[in-house]
Every structure is written in structure tokens, then in C-alpha cells.
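Trainee: Could you take me through one part of this model in detail? I would like to see how its pieces sit against each other.

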Amino acid sequence: MKYSRLTKEQFEELHQEFINFLATQSITADEWEDIKKNKPETAEQELDVFSDLVWLGVLQKVEYLEHISPNQIHLFQCNEKSMRLIALRIENKRVDFTTKEGFNWLRDNLLSDSVEFFNAKKDYSEDKYLDIFKMIQSGANITKGELFNYFANLVKG
């Protein structure tokens with residue numbers, strides 16, 4: 001398994017897609033029940049293959065990621081060959097970017113010397129989608145890129 005198995009809740013949400021997946025392998029509902037009961041290791045493999053297919057479908061669509069911690073914001077743009085990073089950091093321990101108040105503080109103090117900006121580019125390893133998956137597993141969220149684009153305009157301007 002390349003990524004991770006979907007949760008029970010995710011499988012329930014994707015119930016119809018899983019049925020379609022089994023159908024592409026000519027596995028009927030009755031056969032699936034038989035496999036689950038009599039060949040649990042085969043059932044596990046089917047769940048893993050389906051999970052990887054779902055993850056790959058999601059990862060192929062990721063354009064932006066963000067990871068916000070109390071004193072740092074990491075914004076990523078996932079391009080074809082590399083990832084662009086815009087990072088913000090503060091030393092002020094009283095400010096927490098994960099709160100509404102912290103975000104308001106950032107908006108009001110964006111151009112002050114207490115906010116450090118970083119801009120970087122990183123090439124993917126040989127597996128772009130696994131790189132993105134690992135970032136999601138470590139806490140990054142998939143976004144539409146509003147924050148990234150806002151700061152990208154500030155950094156170049």
C-alpha cells in the first residue's frame with residue numbers, strides 16, 4: 001500500500017465508488033461477501049488498492065497546501081516539477097496564528113519587522129504525489145490557494 005487505508009467513514013462515503021471499483025473487477029455483491037468471509041487477506045488487499053486509487057485521485061488535483069502553526073505559516077503551491085513555498089514566522093509568543101486573534105494581529109502587523117517572510121522552491125523527489133501525501137499526513141491542509149496568492153502578490157510587490 002502506497003498511501004494509507006481510508007477510514008471506515010471514508011469508505012461509507014465512497015460506498016458507490018467502491019461498488020463500481022469491485023464491478024470493474026467483475027466482483028458481485030455476493031462474491032464480495034464471500035471474499036470478506038472466506039478470504040479476508042484478499043478483501044484487505046482490495047480495500048488497500050481502492051484506498052490508493054482514491055488517494056491518487058485526490059493528490060493529482062492538489063494545487064495548494066497550507067500548514068499553520070502558532071508562530072509559523074507555510075503556504076505551498078504544488079507545480080508540475082517543484083513546490084513553491086511562502087513562509088511567515090514571528091518570534092512573538094503571545095501571538096498564535098491558529099486563532100482568529102492571531103490572524104487579525106498578522107493582518108494589522110504584516111509589514112512590521114516582527115514578521116519574517118521566506119520564499120523558496122523545492123523539487124519533488126521521484127514521487128511527487130507521495131511527497132504531497134506526506135505533507136498532508138504531517139498536518140498540511142489542501143486549499144484553494146487564497147492565502148498563498150495573497151502573500152505571493154505581497155512578496156513580489
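**A helix contact and a strand with two partners**

Mentor: Happy to! In this predicted model, let's start where Trp-55, Leu-56 and Leu-59 of helix α4 meet Tyr-129, Ile-132, Phe-133 and Ile-136 of helix α6. Sorted by residue class, this contact of α4 with α6 has seven nonpolar residues, no polar and no charged. Now look at the geometry: α4 spans residues 40–59 and α6 spans residues 128–137, and their axes come within 10 Å and cross at roughly 95°. Since angles of 65 to 115 degrees count as roughly perpendicular, α4 and α6 are therefore roughly perpendicular to each other.

Next, turn to the strands, with β3 as our guide. Strand β3 covers residues 82–90 and is mostly covered, with seven of its nine residues buried. One of its partners is β2, residues 72–78, which pairs with β3 in the antiparallel sense over seven bridges. To find your place in that pairing, pick out His-74, whose bridge partner in β3 is Ala-87. The link between β2 and β3 is a hairpin of three residues.

Strand β3 also pairs with β4, residues 115–123: nine bridges join these two strands, and they run antiparallel. A handy landmark here is Ile-86, which stands opposite Asn-119 in β4. While you have the strands on screen, keep a general point in mind: in a regular strand, side chains alternate between the two faces of the sheet. To put β3 in one view, then, follow its seven bridges with β2 and its nine with β4.

Conventions: Residues are numbered from 1 along each chain as its sequence is written. This is a predicted model: local features need pLDDT of at least 70, side-chain atom pairs count only at pLDDT 80 or more; totals for chains, interfaces and linings use all residues. Side-chain values use heavy atoms; hydrogens and water are left out. Axes are lines fitted to C-alpha atoms, for helices over the stretch in contact, and angles run from 0 to 180 degrees between N-to-C directions. Helices (H or I, at least four residues) and strands (E, at least two) are DSSP runs, numbered from the N terminus. Angles under 35 degrees count as roughly parallel, over 145 as roughly antiparallel, 65 to 115 as roughly perpendicular and the rest as oblique. Contact means heavy atoms within 4.5 Å. Ala, Val, Leu, Ile, Met, Phe, Trp, Tyr, Cys and Pro count as nonpolar, Asp, Glu, Lys and Arg as charged, and the others, Gly among them, as polar. Buried means under 20% relative accessible area, exposed over 50%, partly exposed in between (1.4 Å probe, protein chains only). Two strands pair if DSSP finds at least two bridges between them.
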